[in-house]
Amino acid sequence: MPKPIAPSNGHAPQPPKRVKPVPKRWLRRLLLWPLYLALVLAVIVLGYATYLYHQLPDPNSLKNVSYQVPLRIETSDGKVITEIGEKRRIPLDYPDIPIRMIQAVIAAEDERFYQHLGIDPRGIARATFELISTGSIQSGGSTITMQVARNFFLTRDRSFQRKFNEIILSFKIEQSLTKQEIMALYLNQIFLGHRSYGVAAAANTYYGKPLHELDIHEFAMIAGLPKAPSAFNPIANPARATIRRNYVLRRMHELGYISDAQFVAAQAEPIEVTLRGVRIETEAGYVAEMARQFALERFGESALEQGLTIRTTIRSDHQDQANHAVRAGLLEYDRRHGYRGHVAQLNPEQLNDPEAIHSLMREHPQPGGLRLALVTSLEDNTAQLQLRNGETISLNFAQADWARAHRGLNRLGPVPTQLAQIIQPGDLIYVVKQDNEQGHADWLLAQSPQAEAALVALNPRNGEILALVGGFDFFKSRFNRITQAKRQLGSAYKPFLYSGAFELGMTAATVINDAPVVFHDAALEDIWRPENYTGRFYGPTRIREALIHSRNLVPIRVLQEVGVTPIIEHSRLFGFDNEELNRHRNLSLALGSAQFTPLEAARAYGVFANGGFLVEPFFIREVRDFHGRVIYQANPLQACGIQCDERDPGIAPRAISQQNAFKITSILQDVITQGTGRQAAALNRQDIAGKTGTTNQQFDAWFVGYNPDVVTSVWVGNDQPSSLGRRETAGRAALPIWIDYMRYATADSPNVPFLQPEGLVYVPIDRTTGQAVPADTPGAYFELFYPDQAPEIPVMRPDNLRDLTRELFH
């Protein structure tokens, strides 16, 4: 056997070293170390979670959550005037939410909502898979409960801390609230685009109808919005909204919520939405602004988001008629002063460019029921017009023949003979729908009036405002002429002067000379030569006749005789401002130089209408909180009726005697039957009274009148005081508006004369001298007197009778 070869270094070979085995206990430690670490982390996380659990908000507060709900303003009969607030929301209780809405949301957001405890591992895994496979998440990783936690308690910052808080809060919410409560919170709180919060508000915003009236495809569209209200918005991006809606429908089908046929039919429906605001049922913009101011003053800045409901005294039917009367009256006034031409013009080459047409129409408003219309063609005295909504209408010459060219306040161009002299293709004009004599609605050429008008009607028994129109259109001008425009009353002030004169010894039979006068009044800047509107003078005139025909020199002489101070004191009894009266402490007061608002005028005339009581106008009947509890209730003082005790604290203060009120009413009834307001006789009523008021150079036109149930004040004028035009007296400019409204407002009132109170007597008088005459005297007029002021009726003695007979027959 050969010997082994020795190594070259001369050392003997070493046996291989044995590797010591690692002890098993160290191996176990190495393997268990991650478990120990995980356990420690779990303990830390659990401890931190426990800490957070007690530190995070208590979900029980959600049981009494207060949503930011807009202020709702209604008429007395419950019709919506408007809603005011940054967020549109209509909170619903869970039983009021349609099951289809719930199914659509579950399909879109959280299919295991009723199974999980706040977080859904499957949902998170599915969202992760969708992200990896498609690059986007369709179903979302957050559960509905997590979204509730985020929306009510947390910020929207993207951080681990916020997400961790969201998970813990979700567990707390699930332990404190039922699934139904969580679902209701989510569906009422979620933002769905265009200031709409909650599914009910979204249904109104996009479809203009209540939630329970939606179809399956509409539920699906709304359910698809929470993920991205802007990206999937049907207004801004209908194509993407359709894709999202169809995804929701597919998920509803996969979950068994809808059948095959329903799925196919719903997917075939087009996206048809129109952005809508609050569904206004009664147009009363000026009232809405008054109510908003009331809410802010009484309940503070948060009033607009507390879900308050203000029930006004406005009657929707009265308001609708008042709107119509004011607008029709202003448009008629405007026609009398000629056509000022088109609103704008489109280049004829652009008449076939829909975008150019749409752009032009967007630039101009549609105030007061007017509609913009583009003249697209003109042939054979008939024009074809396109409205803003795309509708096509015709306009013939007869519907525009009023449109003589406006050449100045009192100047018109020649009468047109064909439509081409008025409009041309490319003209953007206004049209308005108006009933013709046959009761059918026709489109008429119109224009936005430059003058303004206002109307307020109130119940003279307690002061509740029944209708209020502060101008032609609230969005054209938010200046409320009913409460803010102080204008001279003109002749509409005269009844208050004569009422005071009656208390100072004069009667309706007192004769005053209507003759030229020149005053050097120290309170006036110059010599004053007042005259009647006609320019004529009428000589000796009874006060009744002077008021009926609105003579100007008679009231000046009356004021000069009885004194300015007593008349100012008497006028204060009607609620007129003392400072304003004192600013006109001179004879010009007799012609209504003092300035008051239409509301102040209505209140003052209400004293005559209710038999002498000064009531306080009011327009808020009650205010309810979000839960329907009454938190404000009007308690107006009432005018005393036929049987009542004036010492009752609920009775309004007496301003004048019932007898004084009836005497003035008697004369103001004659204003309508034979005086400056005789157009109103067309109403054929025995219970209406009123007075015209026209100021110098026709700057202001008034008519204030009443029956026992309603007193209505109408003013017409320019916001910057200037003439309405020659012959634009109150009887022409303001009275037609009053008649139009009062025809409706008095329709349900008994047509019976005013009730004459005790304490007045009728005495026959001579119409010229005002002296008492025998009752059988031809042409005698029976005048009202206080018993202690009644003249003695002369007795016809036999010798007087012989003398009279001799004169007659010899």
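The model is predicted, so to speak of local features a pLDDT of at least 70 is needed, side-chain atom pairs count only at pLDDT 80 or more, and totals for chains, interfaces and linings use all residues. Residues are numbered from 1 along each chain as its sequence is written, and side-chain values use heavy atoms, with hydrogens and water left out.

I start with the whole chain. It has 23 helices and 26 strands; these are DSSP runs numbered from the N terminus, with helices being H or I of at least four residues and strands E of at least two. The protein chain has 810 residues, and 51% of them count as buried. Buried means under 20% relative accessible area, exposed means over 50%, and partly exposed lies in between, with a 1.4 Å probe and protein chains only. The accessible surface comes to about 40,000 Å², and 52% of that belongs to carbon and sulfur atoms. Those areas come from the Shrake-Rupley method with a 1.4 Å probe, and for residues only the protein chains shown count as cover. Of the contacts between residues at least 6 apart in sequence, 69% join residues at least 24 apart. Contact here means heavy atoms within 4.5 Å.

Next, helix α8. How many of the residues of helix α8 are buried? The count is 8 of the 8 residues, 216–223, so the helix is largely enclosed by the rest of the structure. The cover over its buried residues includes α2 (99–109), α7 (199–207), α9 (238–254) and α10 (260–268).

One of those, α2, packs against α8 at an angle of about 45 degrees, with the axes 9 Å apart. The axes are lines fitted to C-alpha atoms, for helices over the stretch in contact, and angles run from 0 to 180 degrees between N-to-C directions. The two helices are therefore oblique to each other. On that scale, angles under 35 degrees are roughly parallel, over 145 roughly antiparallel, 65 to 115 roughly perpendicular, and the rest oblique. The crossing of α2 and α8 is right-handed. That term applies if the near helix is turned clockwise from the far one by less than a right angle, and left-handed if anticlockwise. From α2, the contact uses R100, M101, A104, V105, A108 and E109, and from α8 it uses I216, F219, A220, I222 and A223.

Helix α6 (residues 179–189) is also mostly covered, with 9 of its 11 residues buried. Among them are K179, I182 and M183.

α14 passes α17 in a right-handed crossing. On the α14 side, F496, L497, S499, G500, A501 and E503 meet I567, H570 and S571 of α17.

Now the sheets. Two strands pair if DSSP finds at least two bridges between them. W702 stands opposite W715 in β24.

Another open sheet of 5 strands runs β2-β1-β5-β20-β21, with mixed pairing. Its edge strands, β2 (80–84) and β21 (630–633), each pair on one side only. Neighbouring strands here are turned by 15 degrees on average, direction ignored. β1 (residues 71–74) and β2 pair in the antiparallel sense over 4 bridges, and I73 stands opposite T82 in β2.

Further along, β25 (residues 761–765) is joined to β26 by 5 bridges, running antiparallel. In β26 (residues 781–785), 4 of the 5 residues are buried.

Last, a single residue. T382 is in strand β8 (residues 382–387). T382 is partly exposed, with a relative accessible area of 26%. S394 is 12 residues from T382 in sequence and 6.7 Å from it in space, C-alpha to C-alpha. Leaving aside neighbours within four places in sequence, T382 is in contact with S377, S394, L395, N396 and L419.
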